[in-house]
Structure formats: C-alpha cells, structure tokens
Amino acid sequence: GQICIISTGSQGEPMSALSRVAVALATKERDERLVYQARHDLLTGLPNRLAAEEALAAAIAEASASGEQFAAMFLDIDRFKAINDGLGHLSGDRVLVSVARTLRSGALRNAFVARFGGDEFFAVMRGIAGPSHAAQAASRIADALAVPTLVDGIEFVISASIGIALYPRDGQDAESLMRSADLAMYRAKAEGGAAFAFFEEHMDREAL
C-alpha cells in the first residue's frame, strides 16, 4: 500500500543522490541570488531603496530604545546629466560606480549606503552626536568626492548636493525621515550644489 516516488533526470532515469544534492544546491544558489538582486542595485552593488527602507526602520527601532541620534542623508551628484548627455550613459555608469566606491571606502565606510537610482544615493549614519557632527560628516563626504578620479581617460572632480535629516528631530519614521532628507537635498541643489543643507520645518510647508 506504499507509493515510492523516484526522482528522474531529463531522460526519465533515476537521479543519483549526488545529482539530487547538485539540484538542491543550484536551487539554493538561485534563491539566494534572487534575494540579493531584490535588495541591491545591480550597477554599483550597493543596497537599493527596499534595503534602505528596511535598514532605516531597524535604525529607528534601535535608536528609539537607546535614545541615540542618527542622520539620514540624501546625496545627488551635481550636473550628472551633463556627463550622460556629453559622454554617453556608459561613461555615466562608470562615474556612478566610482562614486559608489568612494562612498563605501571613504567618509561613509562605517555607514549604511544605498543607491536609489539615477545619480541619487542615500546613507544612514549612526552615532551622530548632533548637527555639528553631521555637518563634519557631510564635509568629509564632499572632500572624498572632490578627489579627481579618472574615467575613460577623462579626469572628473565630482561634487554633490547633500540633504541631512536627524532622528528624532526631523522625523520619527522611515518615510518622514527620507522625505526630510530629500527636501533638504533639494534646498542644497537650489543654492548651487556642492553643498549640504539640514532639513528645516519651513521646507515641508513650501513643498506642500
């Protein structure tokens, strides 16, 4: 009264134990790859927006329990459209990869860094003591990006507009913190770029 099911290969022959292990490992590798791709930007290898939202929610939960402050930052590369239009998207992509490498190895090497798409990056910096500490971090980011980098035989000096929002002052959930940092970044860009700006309450009223 028992039914025995035997796995078979493509020719209908029984699969060996070694073959079944190989299939299981291939399936596991595929699943891990899909999970990675769902949470990472394929161009730069940085986490994407979904992963950033999860990391920001985790940072809020931990900071709420410990009473610490931290900074959420939006970074937008200045005049990036000119690079894409003048040199082509391939060169633009290589500049983005270079910026991602600089952020990971430079001033943000101990922070969570993500790419949201286009020329927009996002960072969560833990252990920020206050606005002056966040301003120092933003200045270090600007200095790291300003070091000339060679892409396709052309030397680039990159600058960025950086918007800063502090938890819990500028938002107590992931959505509001991201919005505050984004509004501050647009203020920095409107003032000419190559600068950073902190979120202020009037920015929200003006946006509305």
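Q: What describes the packing of helix α4 and helix α5 in this predicted model?
A: In this predicted model, helix α4 (residues 89-105) packs with helix α5 (residues 131-146) at an angle of about 135°, and their axes are 10 Å apart.

Q: Why are α4 and α5 called oblique to each other?
A: Their angle is about 135°. Angles over 145 degrees count as roughly antiparallel and those of 65 to 115 as roughly perpendicular, while the rest, apart from angles under 35 degrees, count as oblique. The two helices are therefore oblique to each other.

Q: Which hand does the crossing of α4 and α5 have, left or right?
A: The crossing in which α4 passes α5 is right-handed.

Q: Which residues of α4 and α5 meet?
A: From α4 come V99, T102 and L103, and they meet I141, A144 and L145 of α5. Five residues of this contact are nonpolar and one is polar, with no charged residue among them.

Q: What makes the buried residues of helix α3 lie on the same side?
A: The buried residues of α3 (residues 80-87) are F80, I83 and N84. They cover an arc of only 95° around the axis, and so they are on the same side of α3. These buried residues pack against β1 (70-77), α4 and β5.

Q: Which residues are exposed on the other side of α3?
A: On that other side, K81, A82, D85 and G86 are exposed.

Q: What follows α3?
A: The residue after α3 is G88, which has a positive phi near 100°.

Q: Why does D152 count as partly exposed?
A: Its relative accessibility is 41%. Buried means under 20%, exposed means over 50%, and partly exposed lies in between. D152 therefore counts as partly exposed. The residue lies in the loop between β4 (149-151) and β5 (154-156), and its phi is positive, about 55°, although D152 is not a glycine.

Q: Why does A194 count as exposed?
A: A194 has a relative accessibility of 57%. Exposed means over 50%, so A194 counts as exposed. A194 lies in the loop between α6 and β7 (195-198). Its phi is near 50°, a positive value in a residue other than glycine.

Q: What kind of peptide bond joins Y167 and P168?
A: The bond that joins Y167 and P168 is a cis peptide bond, with omega about 5°. P168 lies in the loop between β6 (160-167) and α6 (174-190).

Terms used:
Residues are numbered from 1 along each chain as its sequence is written. This is a predicted model: local features need pLDDT of at least 70, side-chain atom pairs count only at pLDDT 80 or more; totals for chains, interfaces and linings use all residues. Side-chain values use heavy atoms; hydrogens and water are left out. Axes are lines fitted to C-alpha atoms, for helices over the stretch in contact, and angles run from 0 to 180 degrees between N-to-C directions. Helices (H or I, at least four residues) and strands (E, at least two) are DSSP runs, numbered from the N terminus. A crossing is left-handed if the near helix is turned anticlockwise from the far one by less than a right angle, and right-handed if clockwise. Contact means heavy atoms within 4.5 Å. Ala, Val, Leu, Ile, Met, Phe, Trp, Tyr, Cys and Pro count as nonpolar, Asp, Glu, Lys and Arg as charged, and the others, Gly among them, as polar. Buried means under 20% relative accessible area, exposed over 50%, partly exposed in between (1.4 Å probe, protein chains only). The arc is that of the directions from the helix axis to the C-beta atoms.
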